[in-house]
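Please open the model in your viewer and keep the selection panel at hand, as each stop below begins with something to pick.

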Amino acid sequence: MSSRRLAHTSTPDYTMGYSPDYISFLTRIGEQKPSRFPIPHLAPGHNILDVGCGPGSLSIRLADAVAPGELFGVDIEPSQIDQARRLAEERGCGNATFQMADVVDLPFEDDFFDMVHCGTVLTYVPDTSVALEEVKRVLRPGGRVACRDMIVDSCFIHPELGLMQRGLEAFADLVTADDGHPQMGKDLKFHLQQAGFTDVAVSASFDVHHLPEEIAAFHGMIKGWLNGELARAAKAYGAATDGLLHEFGLVMEEWRSHPAALVGIAFGHALAVRP
Ligand SMILES: C[S@@+](CC[C@H](N)C(=O)[O-])C[C@H]1O[C@@H](n2cnc3c(N)ncnc32)[C@H](O)[C@@H]1O
């Protein structure tokens, strides 16, 4: 992470926003590069909570793995709940229920779930310990939490073209300014231990996007961000200037048609047991 001084440090909003390009990028990942790591730990009949379910593409896979058990998906954003409900209906997924809720105040009784899945959500929640305390409360003893979060300082956009690393640093600065944790994937072990979970197991992986349609989708997402709310927030919080955003937009155009273009998104994963 860079050491630039940021103008703003306490905004509770969700940094990434919900632009159509970003949501379709996420949906695509959920369907084509799903994080399968929690699935071997699920069994038919389990009840699972998917926190920060977003558009629901991954939730539905988790729901399939526990049927006839139930999947409950929660998110702070109503449009995501609508989208996840629609997707479940389209796919005939009868054991998934979606509702609005914040991870720090979950509308479920104590000791209920066999697993809580937090897919790229702790990155954006200001107080990790409050979130994990609430996750622990709703897990039954012996139940597991499965987390997956980005490690932004290990991500790469290739070829470098002079500004890719700087663009990633600006993104990390924005997440930090928004009270998030851009390197959370590396800190999951620490936070889970601090929260009193046991048997903490960690690993890491890259989602690599390189096919023409993947390059187009990533480029579309970045272009949407550079022209929208995310760029305005980055400027307001001092994470990027107009000049940087403009230059980054130009190199992303060059990158898009570069024969070597690929992007690697680094993730840390952790599984742990509620004692
Ligand atoms: C990067 S998306 C991940 C979506 C999905 N889990 C996936 O992996 O495709 C993060 C989601 O977390 C949600 N979120 C952010 N803060 C939250 C909070 N405090 N409680 C519940 N959901 C939250 C956002 O609205 C967003 O839909």
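Select the shell around the ligand in this predicted model, and colour it by class: ten residues are nonpolar, four are polar and three are charged. Of these 17 residues, the ones that come nearest to the ligand are Tyr18, Gly52, Asp75, Asp102 and Gly119.

The side chain of Asp102 places an N or O atom 3.0 Å from a nitrogen atom of the ligand. Taken on its own, the ligand has 590 Å² of accessible area, and the protein covers 94% of that area.

Now turn to the backbone, where most peptide bonds are trans and most residues other than glycine have a negative phi. Select Ala67 and Pro68, which are joined by a cis peptide bond with omega about 5°; Pro68 sits in the loop between helix H2 (57-66) and strand E2 (71-75).

Move on to His158 and Pro159, whose connecting peptide bond is also cis, with omega near -5°. Pro159 belongs to the loop that runs between strand E6 (156-158) and helix H5 (164-177), and Leu161 lies in the loop between E6 and H5 as well. Leu161, although not a glycine, has a positive phi of about 50°, and with a relative accessible area of 24% it is partly exposed.

Finally, select Asp111 in the loop between strands E3 (96-100) and E4 (113-119), where its phi is positive, near 60°, and its relative accessibility of 41% makes it partly exposed.

Technical notes
Residues numbered from 1 in each chain as written. Predicted model: local features only at pLDDT ≥ 70, side-chain atom pairs only at ≥ 80, totals over all residues. Heavy atoms only, no water. Near = heavy atom within 4 Å. Polar contact = N/O pair within 3.5 Å; in protein donor to acceptor, adjacent residues only side chain to side chain. Areas by Shrake-Rupley, 256 points an atom, 1.4 Å probe, with all protein chains shown as cover. Nonpolar A, V, L, I, M, F, W, Y, C, P; charged D, E, K, R; others polar. Helix = DSSP H or I, 4+ residues; strand = E, 2+ residues; numbered from the N terminus. Buried < 20%, exposed > 50% of the residue type's maximum accessible area, 1.4 Å probe, protein only.
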